Amino acid sequence: MPWAVALADFKKDPSPILPILEQLKTDLSSYVRKSVANNINDISKTHPGLVVELAKYWLGNNKHTDWIIKHGCRTLLKKGNQEVLSLFGHSGGGMVEVDGFSLGAVPVSIGGNLVFSFSIEAKQSTKVRLEYGIDFVKATKKTSQKIFKISEISLKEGQKKDYIKSHSFADLSTRKHYPGIHSLALIVNGKQACAKT
């Protein structure tokens, strides 16, 4: 649970937890299966290799374990782990060409919206995971990147798709914004395709 005290021993060595997750992975309750996925995601932050091997073992068994693995690997996907991306068919960012990446009106005030647009074209048939990353300025004036998912789609060779996206800079309970130069990067299959400030 998010409010529970972290168990340091299991963070160092999560292997004793795996047999429990194995027993719960096909539980009839979606709440239990989501807890399994969240536990796997937590493990991925300290033992990514272990989660990659678990994903290979579980993936393709049934729709429940497929969902668990996809949700449990969300941090690795956002970090651009190429092995995990390949498991879900999102490999080869070079198979997609990005064109016309541009920003709307800038600068953006705190509370305002940043609008950006771009087009993609598949050089050959491929599955595409699209994300964008923003390097947010912190109170210390240093920056920290946050990744946001746009979509996952399949494109045929020569197929094009246009995007117009908007990101809110309104303060949230989980994020406060600070003035400064922010960078926006477009990420295709875990790899940065282009960026603007």
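Modeller: We can start with strand β2 (residues 113-122), which pairs with β5 in the antiparallel sense over 9 bridges. Strands (E, at least two residues) and helices (H or I, at least four) are DSSP runs, numbered from the N terminus, and two strands pair if DSSP finds at least two bridges between them. This is a predicted model, in which local features need pLDDT of at least 70 and side-chain atom pairs count only at pLDDT 80 or more, while totals for chains, interfaces and linings use all residues. Residues are numbered from 1 along each chain as its sequence is written, and side-chain values use heavy atoms, with hydrogens and water left out.

Colleague: In β5, which residue is the bridge partner of L114?

Modeller: L114 belongs to the side chains of β2 that point to one face and are buried; buried means under 20% relative accessible area, exposed over 50% and partly exposed in between (1.4 Å probe, protein chains only). The bridge partner of L114 in β5 is H167.

Colleague: Is V115 buried, partly exposed or exposed?

Modeller: V115 lies in strand β2. At 34% relative accessibility, V115 counts as partly exposed.

Colleague: How far apart are the C-alpha atoms of V115 and H167?

Modeller: Beyond its neighbours within four places in sequence, V115 is in contact (heavy atoms within 4.5 Å) with S102, L103, G104, I164, K165 and S166. V115 and H167 are 52 residues apart along the chain, and their C-alpha atoms are separated by 6.4 Å.

Colleague: Which strands stand at the edges of the open sheet of 3 strands?

Modeller: The order in this sheet is β1-β2-β5, with antiparallel pairing. Each edge strand has a single partner, so one side of it is left without a neighbour in the sheet; the edges are β1 (96-103) and β5 (160-168).

Colleague: Which residue in β2 is the bridge partner of E97?

Modeller: β1 and β2 run antiparallel and are joined by 6 bridges. In β2, the bridge partner of E97 is E121.

Colleague: What is the order of the open sheet of 4 strands?

Modeller: The pairing in this sheet is antiparallel, and 12 bridges join β3 (residues 126-137) to β4. Within that pair, Y132 stands opposite F148 in β4. The strand order is β4-β3-β6-β7.

Colleague: At what angle do helix α3 and helix α4 pack?

Modeller: Axes are lines fitted to C-alpha atoms, for helices over the stretch in contact, and angles run from 0 to 180 degrees between N-to-C directions. For α3 (residues 30-46) and α4 (residues 48-58), the axes are 6 Å apart and the angle is about 140°.

Colleague: Within what arc do the buried residues of α4 fall?

Modeller: V51, V52, L54, A55 and W58 are buried in α4. The arc is that of the directions from the helix axis to the C-beta atoms. The buried residues line one face of the helix, because seen down the axis of α4 they fall within an arc of 165°.

Colleague: Just after α4, which residue takes a positive phi?

Modeller: The buried residues of α4 have a cover that includes α2 (18-24), α3, α5 (63-72), α6 (74-78) and α7 (82-87). Just after α4, a positive phi of about 95° is taken by G60.
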